[in-house]
Amino acid sequence: MSHKGLDIGTNMIVAAYTDEDGTPKFKMQRDAFYRIVPKSEVNKNSIRVSLDKRGSNYIVDSDGSYIVVGEDALEIAIERNDVAQRPMMKGVISPKEKASLPMLKLIIETLIGKGSDGDKCVYSVPARPIDGVFDIMYHTEMMGLYIGQMGYLADPINEAFAIALSELLDDGLTGICLSYGAGMTNVVVVHEGDPLVEFSITRAGDFIDQSVGNALDVSPSLVQMEKEAGTDLYNPSSKIMEAVAVYYTSVINYTLQNIAFELKKREKEIPIFRHPVPIVVSGGLTQASGFVKKVEEVLFRMSFPMPISEVRRAKDPMCAVANGCLLASNL
Amino acid sequence: MGLRYNKEYVSKDRRIQTSGPRDMQRRLASISNSPPEVDHSLIMELRSTIRDLQEQIKVKSNGSKESFTAEQVNEEIIKAVKAETYELKDKYEAKIKQLEMDRVDLNNKIKSIVEEKDKKEAELVLAIEQVKNEIEKERSVFRDQLKAKDELIIQIQKSNSGISEDKLASILEEKIKELALTAGHSIENVDPNRPKMEKVFIDPIDKEPEIETHINISDSVVSKKEEMASQVDKLKSLLGKLPNKK
């Protein structure tokens, strides 16, 4: 019987599993695709040759068009001055994105493969947002359905709680975990392994890309690539990165203020913490240089409703959720 | 046989064909000038014609046994007219009678429809009255509930027991449920064991697409086996099992 963890993110899907030796391994694929429609038979062949040469992951659809999947989808879209398609928006799938669902299903299956009797897969789902309205239930159930169809016993787990399982083992599973993804920022307050408060906020990486793109009239995909190539929040290297740094600060301010507001509102549900607790930040956004320092600065300026011992980044921000899901699948 | 009337007669060598004044003068002159010739065949013919006509008159007068006077004829005419009049009168009287019967039928139908309408109106008025009474009852129940809630809040505030807001809310809810039950009204959510609607999710993908895949994803990060095993052990010791979903 095998165990697998799956982080289904808006931007990246990460799978975690253990091989025959029990060694944990991770596989990730960008959750994006780009369709190229050949204009002629000759064009069709040249596209295939070009994609093979590039080493791109692609699918040949039944109508003869090529669907580039993953990292190259983003690059090719930028080259063609276009935007890559994303099956998920703001952390969830939507029934309105019916055409994208087969791609999402295919990416997941490529990462976790087919399961057999008794194989378990724990997958991450976001919490209900406090500043938006999304059908979290539909997303949770559809992902469970697809993973079940692949032959697994599917079990959902809150994204931020998965980070807690991965990063708070040495803290008695007590603390606050923030998952700064592309679509949403997920928050959990855990006390001795019990997730007391779980919610999400709809401002995250995509908001930064869109805002900078609108402000500077550039493609959000381009902003995303620049951002992922390396961001220094205290020493931006270009006009785009300066704008990115500004919106980073805006997002961190917004998320921490909302977390403080929500914790104050729910203080009856939260026990009194005898000791200061750590805040663990994870997710693609936290890979920016100076992110932790920025969070500490914001916390210092505001009145946070519980004592904080430290702010630290997850050991591997891109794989923390998948790692937590994998650990949960072993329980 | 009818009387032969010879329009033209022969007088000597002339044939006279007209009958104007001059012709009459000529005729007179011809008569006066010469003695008329007696046409015996004509006379015989005339006589026989007269005899025939006389006989005809006789037969006709002998055929009718009686002769009618003017009064009798008048009477007959009046009789015929009266008969016709009576016949028409009967006919129209019969028609009027039929129409009268139809009118009575229609009146009866209208009467029954009006009665039905009145009956339905009365039922509707009664139903509206009942609904008003129900609404009034509900209103009084809610007034009582609000009053009880206010009294409870005052009591709690007075006692200063330090009950949290959530606890207060749950107490109030229980109290309201009690009041509702005693008033004879049931609240749908009273029984937590009531079967709930099953949530159904439909896969919007119609069928698996026929595609040719060229996807090859290699492992990106490798952790140590020992690290993983120790993490699992640590987690099991801390958590045991995953917490129940809320």
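These legends describe close-up views of a predicted model. Residues are numbered from 1 along each chain as its sequence is written, and chains are lettered from A in the order in which they are written. Local features need pLDDT of at least 70 and side-chain atom pairs pLDDT 80 or more, while totals for chains, interfaces and linings use all residues; side-chain values use heavy atoms, without hydrogens and water.

**View 1. The interface of chain B and chain A.** Here 40 residues of chain B are in contact with 57 residues of chain A (contact: heavy atoms within 4.5 Å). The two chains bury about 4,300 Å² between them. Of this area, 66% is on carbon and sulfur atoms. Buried area is the accessible area (1.4 Å probe) that two parts lose on being put together, summed over both.

**View 2. A salt bridge between the chains.** Glu212(B) and Arg48(A) join their side chains in a salt bridge, at 2.9 Å from N to O. The term means a side-chain nitrogen of Lys or Arg within 4 Å of a carboxyl oxygen of Asp or Glu. Between chain B and chain A the count is two salt bridges. On the side of chain B that touches chain A, the elements giving two or more residues are β3 (212-214), β4 (221-222) and α5 (225-239). The largest share, nine residues, comes from α5(B). Helices (H or I, at least four residues) and strands (E, at least two) are DSSP runs, numbered from the N terminus.

**View 3. Arg54(A) and Glu79(A).** Their side chains meet in a salt bridge of 2.5 Å, N to O. Arg54(A) lies in helix α1 and Glu79(A) in helix α2 of chain A, so the pair ties together parts 25 residues apart in sequence. Arg54(A) is partly exposed, at 33% relative accessible area. Glu79(A) is exposed, at 56%. Buried means under 20% relative accessible area, exposed over 50%, and partly exposed in between (1.4 Å probe, protein chains only).

**View 4. Asp206(A) and Arg86(A).** A salt bridge joins these side chains at 2.7 Å, N to O. Asp206(A) sits in helix α6, and Arg86(A) in the loop between α2 and α3 of chain A, 120 residues apart. Both Asp206(A) and Arg86(A) are buried.

**View 5. Lys117(B) and Glu121(B) in helix α3 of chain B.** The closest N and O atoms of this salt bridge are 3.7 Å apart. About one helical turn separates Lys117(B) from Glu121(B), because they are four residues apart in the helix. Lys117(B) is partly exposed at 46% relative accessibility, and Glu121(B) is partly exposed at 44%.
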